Amino acid sequence: MTVSIRREADIAIVTVDNPPVNALGQALRQGLWDAVGTLDADPSVRAVVLICAGRTFIAGADVTEFGKPPVPPHLPDLVDRLEQAAKPWVAAIHGSALGGGFEVAMGCRCRVALDTASVGLPEVTLGIVPGASGTVRTPRLAGVEAAVELVTTGRPVKAAKALSLGLVDAVVTGDLLAEAVAFARQALTRPLPQAVSARHVTTPDAAWWDEQKKAIAKRARGEIAPLRALDCLRVAAEKPFAEAMAHERATFLELRASDQAAALRHIFFAERAAPKPAHLGDTRPREISSAAVIGGGTMGAGIAAALRDAGLPVTLIERDAEAVDRGLQNLRTIFDGAVKRGKLTEAQAQARMDGVTAGSDYSLLADTDLVIEAVFEDLSVKRAVFARLGQTCRPDAILATNTSYLDPRLIAADLPHPDRFIGLHFFSPANVMKLLEIVPIPATSPETLATGFALARTLAKIPVQAGICDGFIGNRILKRYRAEAEALVRQGTPITTIDAAMRAHGFAMGPFEAQDLGGLDIAYLQREGARAAGQDVPETLGDILVRAGRKGQKTGGGWYDYAAGDRTPRPSDTTARLLADHIGSAQALTAEEIATRLTRAMAAEGRTILAEGIALKASDIDLVEVHGYGYPRWRGGPMFAAA
């Protein structure tokens, strides 16, 4: 049964059991609808506790219904029916009450949450707004300011914060059902709180709404749902409940059919499928209970931080005592930054550091389950590392390289037991960026490959399998993207115009701003290495700048100029002079034409990557671009956009 009813004296207990996340499918909605009628007609029942089986409360809509016509009973009608029930309902929340799940909870007269629970309205992350009173009841519960933060960001809040905002009435520990039943009995001894729909809303003035609109527009970068959610919240604060509900529902239905919602659904489903790809079948990963990182630079420290955030003990290996100290300081800087941002407490940061063993002796790795190499991008250096790992580590230890461009087959040459070798390409900063490219070599065993995907799940990252080629998936497309941007410059389109066009398209940065931030010398050195190996690599405009000492922000100038201590890019006369002989004059392009040309180039390279088998499916390429390279999520990725 999806919905079942039992009674404890005068308290009815309605249990939802719709694994795995109690999604609000039609059967569940109908079951709750019928339960209201059944219990209203039972004179022995004075109150109802709504609780869920499994690991979570109702976690939202049924994703299998996405894109399909809604089937009654419709969720807004169900929420109203719960609120208008003759017997007061108490929602007992554990896990996550998200989207429609939280709207159901708001339809109940009271809400009790376990201290580990969270609540939220994440609909904007799918390109829509709440459609069953989320924008209308939330400001009546928590006030307009809290509702704007909750609804327009889509970020959930933990139980304690929900209590302080008025979103729940009590936070409990221990036995949720017993506590909720006790709460319901106590509630019957005093006047019940008003139904949420009847509560008053204090609306801010017009200037406040204008400020919110500007801030959200800046944050959204072209995404429409957050601004439409703000509009719904304003209507909810200024108009009667029924009028606000009608406005919310109309907005929800309009956005559900939008291109942005389709793109965001595409990414959502791709993300859900990524951690357990079908081709792994039932292959069991190896258990990873300890890890090590070779190299304590920016990338290595970031990987170590990600491993510690996941609770794994980490051994950090560097070449000598001085480098060990630098690596530990890099790691400490990461955790100190998390403390300053309120992400960690001082005690949590210290616990992260306490879980790190550091040294230069490879014998520290003798019993480690997973070792990730993150040293300088030089084949001979990496091969030397793996020669030592092959002598030191257990034969069944997983050995991984974090190379961005080098052929992992060459790195693993002569490694004993190459079946345990794999490429794990993290993106910087590795403790923040969600993408993980997983690159097997021909000798990599299915078990090792499955372990790579399992590690991604442990680290809360989005894994994408990539074949072996120059740059794998992401950096290969980045190379094409940058080449197309340079081609526009050579044809006479100003650097600033190109960057502005891509920001207008939804990117946080244009291609030239991004190169200045990361450093032009990184790709330059890769091209120089290819030239030294005898490959025919044409000179790029970036090569000209690097040879002139312009490597980006780190040198005070790259494509742009930078003042000391200021990251603001300024058009550069020096760059213009250096490139003058390579730039022609062309008809001016619109921002849309520029963005179309660059994103089509990305998609064209993606199609080639697919044809070569470097990527397994188009949605994998979209995940790489969205999570690794800042492609606007609400556009769905280059392959989705070009389809």
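**A residue in a loop**

Not counting residues up to four places away in sequence, N431 touches G302, A305, A306, D309, I334 and K461. The model is predicted.

- N431 is located in the loop that lies between β15 (421-426) and β16 (435-439).
- Is N431 buried, partly exposed or exposed? Its relative accessibility is 23%, so N431 counts as partly exposed; the category applies between 20% and 50%.
- N431 and T135 are 296 residues apart in sequence, and their C-alpha atoms are 34 Å apart in space.

**The sheet of six strands**

- An open sheet is formed by 6 strands in the order β1-β2-β3-β4-β6-β9, and its pairing is mixed.
- The edges of this sheet are β1 (3-8) and β9 (170-172); each has a single partner strand, so one side of each is left without a neighbour in the sheet.
- From one strand to the next, the twist averages 25 degrees.
- In which sense do β1 and β2 pair? They pair in the antiparallel sense, over 6 bridges, and I5 stands opposite V14 in β2.
- β1 and β2 form a hairpin with 2 residues between them, and A9 in the turn has a positive phi of about 55 degrees.
- Strand β3 (residues 47-52) pairs with strand β4 (residues 89-93) in the parallel sense over 3 bridges. The bridge partner of V49 is V90, in β4.
- In a regular strand, side chains alternate between the two faces of the sheet.

- Helix α1 (residues 26-40) lies across β1, β2 (11-16), β3 and β4. Its direction is at about 30 degrees to β1.
- Helix α7 (residues 176-187) lies across β1, β2, β3, β4, β6 (110-114) and β9. Its direction is at about 160 degrees to β3.

- Another open sheet has 3 strands in the order β5-β7-β8, with mixed pairing.
- Here β5 (96-98) and β8 (157-158) stand at the edges with a single partner strand each, so one side of each is left without a neighbour in the sheet.
- β5 and strand β7 (residues 118-120) pair over 3 bridges in the parallel sense. Within this pairing, S96 has S118 in β7 as its bridge partner.
- Helix α3 lies across β5 and β7, running at about 90 degrees to β5.
- How many residues of α3 (residues 100-107) are buried? The helix is mostly covered, with 8 of its 8 residues buried. The buried residues are G100, G101, F102, E103, V104, A105, M106 and G107.

**Helices α19 and α24**

- Helix α19 (residues 495-504) packs with helix α24 (residues 591-612) at an angle of about 80 degrees, and their axes are 8 Å apart. The two helices are therefore roughly perpendicular to each other, a term that covers angles of 65 to 115 degrees.
- Which residues meet in this contact? T497, I498, A501 and M502 in α19 meet A591, I594, A595, L598 and T599 in α24.
- Sorted by class, the contact of α19 with α24 has 7 nonpolar, 2 polar and no charged residues.
- An α-helix has 3.6 residues a turn, so residues three or four places apart point the same way.

**More on helix α24**

- At 1.5 Å a residue, the 22 residues of α24 should span 32 Å; the end C-alpha atoms of α24 are 32 Å apart, which agrees.
- The buried residues of α24 are I594, A595, L598, T599, A601, M602, A603, E605, G606 and I609.
- The elements that cover these buried residues include α18 (474-490), α19, α25 (618-629) and α26 (638-642).
- G613 follows α24, and the phi of G613 is positive, near 80 degrees.

**Residue A514**

- A514 has its place in helix α20 (residues 511-518).
- Because its relative accessibility is 31%, A514 counts as partly exposed.
- A514 and D499 are 15 residues apart along the chain, and their C-alpha atoms are separated by 9.1 Å.

Methods
Residues numbered from 1 in each chain as written. Predicted model: local features only at pLDDT ≥ 70, side-chain atom pairs only at ≥ 80, totals over all residues. Heavy atoms only, no water. Pairing = 2+ DSSP bridges. Helix = DSSP H or I, 4+ residues; strand = E, 2+ residues; numbered from the N terminus. Axes fitted to C-alpha atoms, helices over the stretch in contact; angles between N-to-C directions. Contact = heavy atoms within 4.5 Å. Parallel < 35°, antiparallel > 145°, perpendicular 65-115°, else oblique. Nonpolar A, V, L, I, M, F, W, Y, C, P; charged D, E, K, R; others polar. Buried < 20%, exposed > 50% of the residue type's maximum accessible area, 1.4 Å probe, protein only. Expected span 1.5 Å × (residues − 1).
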